[in-house]
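Here are a few exercises to work through with the model open beside you. Try each task before reading its solution.

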Amino acid sequence: MDIAQTSFYHQAILTLAALVVLASFVMLGQGRLLRIVFVLALQGALLALATALAAFSTDNPHFYISSAITMVLKVILIPIMLRRLVIRMNIHREVEELTNRTSILLGGASLVIFSYYVMLPIVHTSHMVTLNAIAVSLAVVLLGMLMMISHRNAVAHVAGFMSIENGLFFAAIVSTSGMPMVVELGIAFDVLVAAVLFGVFFFHIHSSIDSLDVDRLNRLNEVEK
Amino acid sequence: MAWLIALLQTLLFIALAPLLAGWLKCCKCRLQNRRAPSLLQPYRDLRKLSHKQPVVARQASWIFTITPYIVFSATVLAASVVPLIAVDLPTAAIADVIVMVGFFALARFFQALAGMDIGTAFGGMGSSREMTIASLAEPAMLMAIFTLAMSASTTNLSVAIDHVLAGGFVLRPSYVFALLGLMLVAIAETGRIPVDNPATHLELTMIHEAMILEYSGRHLALIEWASQIKLMLYGVLIANIFFPWGIAETYSLEALGSGLLAITGKLALLAVLLALSETLLAKMRLFRVQEFLGFAYLLSLLGMLSHIILEVID
């Protein structure tokens with residue numbers, strides 16, 4: 001069966017899935033922190049839109065609530081918090097030197113292929129149209145991890161962590177008919193608390209090593225060498 | 001009848017290309033608060049150049065004099081493959097889209113040779129830069145084309161457009177990516193901002209202009225015309241593959257007329273978009289072009305992957 005035979009809402013959800021991966025790739029190759037935060041907000045918005053569409057097409061009204069929570073938390077609150085942190089620590093003009101950007105991006109592309117390979121048996125188990133996007137959501141998780149490996153700035157690590165959470169959330173949307181409300185609210189709250197804690201940690205790191213470059217943490221020693 | 005229309009379409013391609021260049025210049029002038037030259041100015045320039053006697057350097061070999069003709073005819077042959085106002089033309093059945101890329105490569109090869117033929121420093125520099133960019137742009141372009149070919153199961157442009165038309169409006173993630181990738185490649189290949197500035201003669205930044213610096217008279221006219229056709233060709237590719245609605249499917253007069261109107265409107269809109277992006281963006285450093293084209297390749301690759309991952313449903 002081809003995508004042309006599916007309904008328009010399914011096509012839109014699949015397209016949004018592809019755009020979510022694109023947002024992950026853009027974050028992966030971006031050296032400016034404010035732009036990373038902006039793309040993270042954009043990814044959240046795509047996610048919220050996909051959730052709302054899923055709510056409409058599968059007739060699951062409680063998806064609307066998760067869509068609204070996503071909208072408030074991941075598009076408005078957390079990006080604004082990160083943005084204010086970056087500006088307050090006066091690192092918004094720094095451009096992070098990414099070593100070997102092209103090979104990181106191509107590594108990301110191979111991660112997408114790997115997650116497709118891993119998820120193929122699961123996709124074959126069901127005839128749900130949106131289940132195809134589960135490989136994409138695993139790819140978003142892996143790309144978030146790759147982002148935490150390849151970037152050195154702590155804010156970029158937090159963005160990578162948040163995009164991992166986005167990937168898991170997306171997997172839940174496309175493969176199940178929604179998580180229980182308790183779980184969903186709990187996760188949303190956890191993410192919010194994590195963002196606040198990260199902010200506190202930023203200040204600690206920043207005040208102790210005068211930078212958010214985590215590579216410098218290697219040089220912290222009790223004794224001077 | 002079909003052959004006649006095919007011939008007519010190719011001639012139309014050649015005749016309308018300077019008009020598109022004029023319209024693009026007009027849009028750019030408006031956006032920069034300048035008074036625009038007439039839409040027909042490119043035609044006047046071509047006529048003026050073709051009346052002038054070409055000056056050829058004493059050391060120039062036959063490659064230098066034959067290159068403008070090869071470049072022009074290769075570009076025209078490539079244009080004859082692309083459906084402009086009607087699909088299912090006999091010329092489209094002869095060659096597929098990979099042959100079209102091959103024609104471009106042939107033209108570029110001779111242009112680079114001619115740039116080095118005279119032995120000036122600028123020519124060699126321009127050739128080396130052009131080949132660098134081309135070697136990065138070509139994989140991205142082919143990847144975008146393969147995405148299209150996989151979903152339509154053909155590399156023939158006309159059949160692929162038929163496939164898109166038959167499907168009606170389908171939102172395909174792979175096409176979104178292929179469209180973006182092809183747009184970036186088109187900007188790089190036709191030498192527009194931010195990769196190259198077609199209006200500059202500043203030594204440090206020019207790429208295409210450096211190669212053709214030694215040309216004059218009718219040779220220059222042919223090369224300029226060929227690059228205008230190439231710009232239009234990319235525009236037609238983007239417009240007709242991804243938004244083919246309006247193209248003539250029969251050979252009746254009104255179908256052809258509406259096809260012509262549709263493609264004119266689409267190209268005018270694309271030119272406005274291009275002028276906007278050229279006004280908003282600054283030219284990037286030469287060494288950042290690699291990243292730009294790497295991103296184009298990534299987009300095309302993601303297009304292909306999302307076709308395989310998302311669009312095949314069992």
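**Exercise 1.** In which loop of chain B is the place of Gln59(B), and is Gln59(B) buried or exposed?

*Solution.* This is a predicted model, in which local features need pLDDT of at least 70, side-chain atom pairs count only at pLDDT 80 or more, and totals for chains, interfaces and linings use all residues. Residues are numbered from 1 along each chain as its sequence is written, while chains are lettered from A and ligands numbered from 1 in the order in which they are written.

Step 1: Gln59(B) sits in the loop between helix H2 (41–51) and helix H3 (62–81) of chain B. Helices here are DSSP runs (H or I, at least four residues), numbered from the N terminus.

Step 2: count neighbours. Gln59(B) is exposed because 10 other C-beta atoms lie within 10 Å; exposed means 12 or fewer, buried 20 or more, and partly exposed in between, with C-beta atoms placed from the backbone.

**Exercise 2.** Find which residues of helix H7 (residues 157–167) of chain B are buried, and how they are arranged.

*Solution.* Step 1: the buried residues are Leu157(B), Ser158(B), Ala160(B), Ile161(B) and Val164(B).

Step 2: look down the axis of H7(B). These buried residues fall within an arc of 160 degrees, so they line one face of the helix; the arc is taken from the directions from the helix axis to the C-beta atoms.

Step 3: go past the end of the helix. Gly168(B) follows H7(B) and has a positive phi, near 70 degrees.

Key
Helices (H or I, at least four residues) and strands (E, at least two) are DSSP runs, numbered from the N terminus.
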